[in-house]
Amino acid sequence: SPIDTSHGISPQNGAVPGEQGKQEKSVKRGNWGNQIEFVLTSVGYAVGLGNVWRFPYLCYRNGGGAFMFPYFIMLVFCGIPLFFMELSFGQFASQGCLGVWRVSPMFKGVGYGMMVVSTYIGIYYNVVICIAFYYFFVSMTRVLPWTYCSNPWNTPDCVGVLDGNLSSRAALNISQLLNTTQKRTSPSEEYWRRYVLNLSDDIGNLGEVRLPLLGCLGVSWVVVFLCLIKGVKSSGKVVYFTATFPYVVLTILFVRGITLEGAVTGIMYYLTPQWDKILNAKVWGDAASQIFYSLGCAWGGLITMASYNKFNNNCYRDSIIISITNCATSVYAGFVIFSILGFMANHLGVDVSKVADHGPGLAFVAYPEALTLLPISPLWSILFFFMLILLGLGTQFCLLETLVTAIVDEVGNEWIIRKKTFVTLGVAVAGFLLGVPLTTQAGIYWLLLMDNYAASFSLVVISCIMCVAIMYIYGHRNYFKDIEMMLGFPPPLFFQICWRFISPAIIFFILVFTVIQYRPISYNDYVYPTWAISIGFLMALSSVICIPIYAIYKVCRSEGDTLLERLKNATKASKDWGPALPEHRSGRYAPAFSPSTESHLEVQPLQPEKGQSEAAAASPVQGSNGSAHSQDSRL
């Protein structure tokens, strides 16, 4: 009879608090409104400025259509597997880039490294967005300010595409024109260097802050903050627009571009395969690096975004959709860029290679100049810069959310969860203040320094260590079981092989390639001084150094008499590693003691099972181990 009553009471006792706990946990941390929000956010994160200004140029430099071959091979063997790994990692633990390292506490430094990288990128990325904002605002005129050479900031060398009808002169004297093309500076370049940036002669010579840019920087930080004011709840709604509208603009610009004279020449330049280049290691290195940086692996953003997913969401499908969308966008953007560059080269009577450029030079000099040749040029200019702003913001949202989520999850008490908006505000204000030096006259030098050093080889190291920590320290069998428990099926064999062998090998190859290919940075003709390059290396090291420092700290704090014991304890998954919500903690994550009255009665049958499955996991035999596990999770 007493046992009966306890049975009668127990389900209520057990269920109600459990339900409440589940509700609180999700409400406290927040979730995506639905799956589309997550996919759109991740697409917005992966598709950034690099897709427009880096990929088309790399493609044209590295053998046109032939570059697509190594590019897609790297996507399949390195891009998609790493993307899937980060998404599944964050989703399984529902934690940001610091919290997930309960899987092996010694490697938490990797999470700190990701935070440092995201901080650097977040600071300078918003400065690029603010320049796009500036161009967006000044495009709202009848004549674009970089059309003619008659402005106070122009020099005598300036030759506009529209000044004195160039094409009739070209017919007269092509050789003379080609000589002037070497020295010719375009009005758009002078506008960019002498007016917008008012560029100083040296990275150390900061000069004054450019107030228009400072104002636009304020605008872009305010926009980012307002979109993230409620965390993923508000940003999830914003991405419906920011992640989809760039495709509308790309399509409008594409249709406008291919109808122009000379567009085909530009596109042929972009796509004509030069198969001899495929044997060149540089081409493969560029392909691997581009995939790696473009997908945003090792920034911590993917882990963070996936941590707001529902536990059983199919992140395997998502990772494939997002990775392929990202690469398709890059290829599509190439058509948009090269059709208009081809038209401009045709108009100037020069080779496409003379007008092709990448990075800020493409977005703020070459492309705007080509736009001045079109009828109603301000309209196309407004569209183009609006697209750049949206592409940048999609990435910026995730960078900020990564930092905020990491801080909130790490502190993890009720108070900070309620005050999350203030944390977001604090991070945004700090980001704005740190971005101020980048709006000075030497700002672009610093921006490129950060872009080249803060976020290049350190990402590769972080990613490599992450692969090794999950696959070899935590153990691939454990991880595959975790994924099976979450998705209902183990990761496909191809991914298992990639994660264990191929992807780490490719990442290592990228690292070696980056070191061999290293050239000190320069901007146009300006060569950076040694002290600036040293600062660049310090920025790169500052994120990687977190890993050994934290590891040493963790080993010193661990229990154990010998170093080996301490290492074992430091790498062993902590007790609270596993699914965040109690109802998902089945199998080997099942709590040993249930809170209900007959705890000892309940524990009895679970304990041997648990011991058995652990013993099986230790033994190499696969079959029994698998069945024991699936039985366990069904239980």
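Helices (H or I, at least four residues) and strands (E, at least two) are DSSP runs, numbered from the N terminus. Keep that in mind for every helix label on this tour.

The model is predicted: local features need pLDDT of at least 70, side-chain atom pairs count only at pLDDT 80 or more, and totals for chains, interfaces and linings use all residues. Residues are numbered from 1 along each chain as its sequence is written, and side-chain values use heavy atoms, with hydrogens and water left out.

**Stop 1: the annotated site**

Zoom in on Ala46. It sits in helix α2 (residues 35–46). Is Ala46 buried or exposed? Ala46 counts as buried because its relative accessibility is 3%. Buried means under 20% relative accessible area, exposed over 50%, and partly exposed in between (1.4 Å probe, protein chains only).

Now show the contacts of Ala46, where contact means heavy atoms within 4.5 Å. Leaving aside neighbours within four places in sequence, Ala46 meets Asn51, Ser294, Leu295, Ile322 and Asn326.

Move on to Val47. This residue lies in the loop between α2 and α3 (49–53). Val47 is buried too, at 5% relative accessible area. Not counting residues up to four places away in sequence, Val47 touches Tyr247, Asn326, Thr329, Leu391 and Thr395.

**Stop 2: the largest core**

Next, select Tyr135, Phe364 and Tyr528. In the largest nonpolar core, of 191 residues, these three touch the most other members. A nonpolar core is a set of buried Ala, Val, Leu, Ile, Met, Phe, Trp, Tyr and Cys residues joined through side-chain atoms within 4.5 Å. Which helix gives the largest share of this core? Helix α6 (residues 108–138) does, with 20 residues.

Stay with Phe364. Leaving aside neighbours within four places in sequence, its contacts are Trp53, Val128, Ile131, Ala132, Tyr135, Ser188, Trp192, Phe385 and Leu388.

**Stop 3**

Two packed helices are described by the angle between their axes and the distance between the axes. Axes are lines fitted to C-alpha atoms, for helices over the stretch in contact, and angles run from 0 to 180 degrees between N-to-C directions.

Colour α5 (residues 65–93) and α16 (residues 315–348). They pack at an angle of about 140°, with axes 9 Å apart. That angle makes α5 oblique to α16. The cut-offs: under 35 degrees is roughly parallel, over 145 roughly antiparallel, 65 to 115 roughly perpendicular, and the rest oblique. α5 passes α16 in a right-handed crossing. A crossing is left-handed if the near helix is turned anticlockwise from the far one by less than a right angle, and right-handed if clockwise. Show the side chains at this meeting: those from α5 include Tyr71, Phe72 and Phe83, and those from α16 include Tyr316, Ile320 and Cys327.

The axes of α12 and α16 come within 8 Å and cross at roughly 35°. This crossing is left-handed. Among the α12 residues that meet α16 are Tyr247, Leu250 and Phe254, and their partners in α16 include Thr329, Tyr332 and Phe335.

**Stop 3: helix α11**

Select α11 (residues 232–242). Val232, Ser234, Ser235, Gly236, Val239 and Thr242 are buried here.

**Stop 4: the end of α5 and beyond**

Find Ala93 in helix α5. Ala93 is buried, at 5% relative accessible area. Its contacts, not counting residues up to four places away in sequence, are Val100, Trp577, Gly578 and Ala580. Ala93 and Ala306 are 213 residues apart along the chain, with C-alpha atoms separated by 9.5 Å.

Step to Ser94, in the loop between α5 and α6. Its phi is near 50°, a positive value in a residue other than glycine. Ser94 counts as buried, at 13% relative accessibility.

Finish at Ile376, in the loop between α18 (360–371) and α19 (377–411). Phi is near 40° for Ile376, again a positive value in a residue other than glycine. Ile376 is exposed, at 59% relative accessible area.
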